[in-house]
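Hello,

Here is the structure you asked for. My notes on it follow below.

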Amino acid sequence: MLFKLSMSGLRSKYKDYIVLLAGLVMSISIFYMFQTLAMNKAFIEANAMIGPIQFVFYAGSVLLSIVTFFYILYANSFLLSLRQKEFGMYMTLGARKNKITRLMFMETVVIGLISLVIGIAVGVGLAQVIGSMLMKELEFNSDGYHALYLPSLIVTAIFFTALFLISAIMNTIKMLRVTVLQLVHADVQTDKIAKRGKKTVFAAILSIILLLIGYASMIFMTYLQQLGVIIALITITSGTYLLFMTFLPLIILAMKRNKKRIEKGLNAFTYAQLNFRINSLTKVLATVTMLIALSAGSITAGMSFKNNIMIMVDGADYYDVTLHNPTKAEKELLASIPFTEQKEYRYKVSDKGIYYLKDDLMNHPPRIMIRASKEDFGKTKVPDAELPTGAEIRGEKNDKHGPQMPNDWYEAMEMIQPYYVYKGERVIIADQQMYDRVQGKEGVALLGKSDQFDAHLSTWKQIDAMQKSKLKLTSDQYINTKYSNYTSFRAFSAGTVYMGFFLGIAFLAMMASCLMFKILTGASKDIHRYEMLRKIGVRRELLMKSMYKELFYVFLFPAIIGIIHVLIGMEMFSFILVHPYFRVWLPILIFLVIYAVYYFITVQLYRGIVMPRKK
Amino acid sequence: MKTPVVEVSNVKKVYGKAGENQSYALNGVSFTIHEGEFVGIMGPSGSGKTTLLNVISTLDQATEGMVRIAGSDITKMKQGALSDFRSQKLGFIFQDFNLLENLTIYENIALPLSLQGVTSRQIGPKVQKVAETLGITAILHKNPAEVSGGQKQRCAAARALVHEPAIILGDEPTGALDSKNATSLLTAMTNLNQEHGVSIMLVTHDAYSASYCERILFIQDGEMYKEIHRQSSREDFYREILDVLADLGTTKA
């Protein structure tokens, strides 16, 4: 009988249950998605650029588990609050307490199991869709990734079953503690506004110290290695939670103290709502901040690895193309590219070697890379040494004579005359007289540089193919052109880029469901406030404005702190990325746009609950 | 002759679509409240008194008829204008106080003023003055959750009063109060009416609360049933009200 009753109660609140279920399903599916990557050792080790990648994923798993733990606990206390009043009523009608608590326990577990099944199904689907989409987008092929991955599935199932059991026990304990009257009047209990003392100020300072330690360990990651990751993980997570629990309420309180601002229009109400909301949302906001940091961080890292491809390629080769004796078809292709710099060097091929005309080299010297230190990466210079006539490279060692080839020129000649063109033939520098005497076929080496290497990828590809056929090389023969450098770098980073984007999207979805869930579940408590304000004559537009303002701040704080985390956290990658901050604004801008859209949706949904359209 | 504050003429409120089961919540009610009057509206449950209050307080629209408050015809106003009208000309006291529990009492009372764009400097003295009148100066800095029901209702009265509305509308304001608090609130309201000339309209089904009024309108089944004026002491008036209520029950049957 009681079971029947409780089923009907469940049906009457189906909207709230859908919100609850959606939140749970989301967190489960994302946890699963993360695990499909994290537990697939073979895949991540084969595809990541970062050495201790497995460790990074372990750290990520711990963080995600903490975040999920808070989320599930909150969701289940929401479940309890949904049922309190009804259970109280059953008890006043004479139902026994242990029966009610058993009912509550069952309900928590059943809801958990339902969401677990749906969540894993959704997770498999999402992993499949996002995975194949990203692979296509990034031209990255790997059979190693499986959307349906049994070990991840088992871990997800165990983790959430345990979580649901814990929260079911917690709900039961809560039920056992309260009296019938408290249950019946559960919805009229006013929200307490906590008073804050010196302890809060101390904790606020502590939170900032923790964050600073975390930031420092991320900046000095190169020295701290794995220890840095662990320190950052602990201090930043705890610092963020502490910051939101202590520092933020203080800020809002300070804002509230400004009498002039408060006593203007609806501000008193807006800031009071905000104050109250920030107090009840501290843990959720901290969770959201961590998720923003993880999401924006993953996307930014993914993009940086993508940008890094071009930085690495440009740093390895200054000239986009080196071409010997271009054919007509090659010339046509070259004409389509807006070169900013072009060099031509004449040479003669004789049986003794290849003679380069010194005047050409001296008059238009090619730029070579400065490879002195890490800071010089990507910078170029003109060879500054004198080029002695008769200097030579390659050829048989014991045949070597003539003056020493200076290092700079050695490098320049290696570039002008790539190994694959004439194999190991000797290269000799000849002045005009010597050059004129040499009997042999004349040739020309051509160097070209444009600013848009990545805009003409297909052209480079064609040129490479033509060179191979011209030089009678097989098509799978490796030639060290800039384009082949590019393809190998891209293949090398694609796995990391893929992981970054994949996780970024997953965390973004979880962040969205987390904050929206919390705001919407609390909304029903606000209905009577807005109704009262409308009764005393506050215009709808003014109420709307108040909602936008209030939620703006709620969204603002996690965004600011999350992005600070990301910006400082990117420093971690400086050991592997040349410029971790190159174009960092782009992923952050993309992230902010998505975040803003999501803010508007939340406000609209919230408005739909607290201020329904006219009857 | 004093100027009328509320003029209600032939107001009808119909629920249900034409042709279907129509029910008349109000069926041609007419009356006038003059400036400085303390009027009670009584009637049994389902008599239409709440509907009447909603129509007068512009929360609901009459199907037919005209309602004028402080000279403006509110039946012809748009939604936004009605909001402004409510915030400027009307003061509300509800049964369940309807204070915002996340604001202090001071902020609750100041809200109607800041909504009208009164500067922060002028708000302080006005709140203080109205708080003195209602005897709640000592609790201004507290949160609603920290004070008693009676104090809460005085605060609600202060909020209804602070912007000097044309009329105060009370919807069962003593409904959630014990008798001691109810008496003290009613005395305060009488005081406001007599010393400060505030017009008050009180909707109640409690004869004791109603006996503080000067004039009482009884409605039944959406129609005006009877109107009585207080001539002698409050106690006599109370008995008179009870008599009318007793009649109300019998005539119907």
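Helix α13 (residues 328-335) and helix α18 (residues 457-470), both of chain A, pack at an angle of about 165 degrees. Their axes are 10 Å apart. Angles over 145 degrees count as roughly antiparallel, and α13(A) and α18(A) are therefore roughly antiparallel to each other. Their crossing is left-handed. Bear in mind that this is a predicted model.

Next, the second largest pocket. Its volume is about 1000 Å³. The lining has 40 residues, and A:V56, A:V229, A:L294, A:M572 and A:F573 lie nearest the centre. By class, the lining holds 28 nonpolar residues, 12 polar and no charged. Several helices of chain A supply at least two lining residues each, among them α4 (53-92), α10 (226-257) and α19 (482-523). The most comes from α12(A), with eight residues.

Last, the cavity. The structure holds one cavity of 30 Å³ or more. The volume of this largest cavity is about 70 Å³. Its lining includes A:I536 from chain A, and B:R86, B:F92 and B:H163 from chain B. In chain B, α2 (79-89), β6 (90-93) and α5 (149-161) are the elements that give two or more residues to that lining. β6(B) gives the most, with three. The lining of the largest cavity has five nonpolar, three polar and two charged residues.

Best wishes

Technical notes
Residues numbered from 1 in each chain as written. Chains lettered and ligands numbered in written order. Predicted model: local features only at pLDDT ≥ 70, side-chain atom pairs only at ≥ 80, totals over all residues. Heavy atoms only, no water. 1 Å grid on protein atoms, 1.4 Å probe; cavity = no way out; pocket = protein on both sides within 12 Å on 5 of 7 lines; lining within 4 Å. Points joined across faces, edges and corners; volume = space filled by probe spheres on them. Helix = DSSP H or I, 4+ residues; strand = E, 2+ residues; numbered from the N terminus. Nonpolar A, V, L, I, M, F, W, Y, C, P; charged D, E, K, R; others polar. Axes fitted to C-alpha atoms, helices over the stretch in contact; angles between N-to-C directions. Parallel < 35°, antiparallel > 145°, perpendicular 65-115°, else oblique. Left-handed = near helix turned anticlockwise from the far one by under 90°.
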